[in-house]
Amino acid sequence: MEAPLEIVICTEKGSLENTSKLLVSTLRKFGGALKDLPIISYQPRKGFPISQSTKKFFEQNKVEHRGIELNTDFVDYPLANKPLACAYHEQNSNAEQILFLDSDVLILNEPTQFLELGDADVMLRTVGFKNIGSSGPNDKTHYYWQNLYELFGVKAQRMVTSLNDQQEILEYYNTGHILSKRSTGLFSQWAENFRKACADGVEPPESHFYLEQSIFGATVSQLELEVKLFGTSYNYPVHFLKNRKSLSTHSNYISNFDDIVSLHYHKVFEQAEGEEIMRNVFSTSPKGLEICEMLKSHGVSPANKGILNKLLKAFGKP
């Protein structure tokens, strides 16, 4: 019997264990009617086994962890774990839909849109900033997308608008939230295209970091999938919490922290700059203070341990 939806995450030894546990904790705590959605965690590289304490946490929180060596050819590029793990799961699952989530995500409210794909093939959010995206033939980065499109046989050059800087660019999506019907074969095609681009030596300008994400965008174009966009409160960029005054008039700005459904925080809580968010945003909300407690208990914010202790003590929390 097919399950309606399964969540896929990647978890490997080190800081990723902490962020995965935090993601799981927030979904199980704040996910409402969807708090018990099945979660499958993959460790795709050999030599990065998770700890016994993480295994125990996963067992207690009904997370199935699979240590399967899927990433053998790109071990120095951990972001390759995404397409490879998602493709494997797509090919070995009976779920109707698969949702991939980056581990550095907080679920703050019931994520009802996870079950609202409807007739669309995939639900996504566009990238926050244009970066290596292309606005067209006159863009200095266009040659890269042209190379991808030729390699993958992309016929339809479709445009989207980047979330933060509002630039019209060729299809380019954030891969921190990917909700797809398994029948589309999207994840398998993404992995195939990733291998093909690497074998052909097609690399993005400026930074190798954007490789898997740009290939994903080109894959969506190749398959000509019907895309539905997540609402503003999903995959909400932490950038909007760091710059609240300057972004307060932005069309995608959310003034009330408690209205955010899922927050994509990247590495901000591992860095000193996370103090601003904890002090000025999280401390203004009971839920924010609960998140602070979770950050502390899961060890996600070592650079901000001092401010966490002060905030929690100020509000009578141990």
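## Around His 142

The model is predicted. His 142 sits in helix H4, which covers residues 142-152.

Is His 142 buried or exposed? His 142 has a relative accessible area of 8%. The cut-off for buried is under 20%, so His 142 counts as buried.

## Overall build

The protein chain holds 10 helices and 12 strands. Its radius of gyration is 19 Å, close to the 20 Å that the globule rule gives for 318 residues. The chain is therefore as compact as a globular protein of that length. Along the principal axes, the C-alpha atoms fill a box of roughly 60 × 45 × 35 Å.

Of the 318 residues, 56% are buried. The accessible surface comes to about 13600 Å². Carbon and sulfur atoms account for 47% of that surface.

## Nonpolar cores

In soluble globular proteins, nonpolar side chains tend to be buried together. The largest nonpolar core in this model has 44 residues. Which of its members touch the most others? They are Tyr 144, Leu 148, Ile 178, Ile 215 and Phe 216. Helix H5, residues 186-200, gives the most to this core, with six residues.

Neighbours within four places aside, Phe 216 is in contact with Leu 124, Tyr 173, Thr 175, Ile 178, Leu 186 and Trp 190. A second core is separate and has 30 residues. Its members include Phe 282, Ile 291, Leu 295 and Leu 308.

Strands of a sheet pair through backbone hydrogen bonds, either parallel or antiparallel.

How many bridges join S5 to S12? Three bridges join S5 to S12, which spans residues 262-264. S5 and S12 run antiparallel. Within this pair, Val 105 stands opposite His 264 in S12.

Conventions: Residues numbered from 1 in each chain as written. Predicted model: local features only at pLDDT ≥ 70, side-chain atom pairs only at ≥ 80, totals over all residues. Heavy atoms only, no water. Pairing = 2+ DSSP bridges. Helix = DSSP H or I, 4+ residues; strand = E, 2+ residues; numbered from the N terminus. Core = buried A, V, L, I, M, F, W, Y, C linked by side-chain atoms within 4.5 Å. Buried < 20%, exposed > 50% of the residue type's maximum accessible area, 1.4 Å probe, protein only. Contact = heavy atoms within 4.5 Å. Rg over C-alpha atoms; globule rule 2.2 N^0.38 Å. Areas by Shrake-Rupley, 256 points an atom, 1.4 Å probe, with all protein chains shown as cover.
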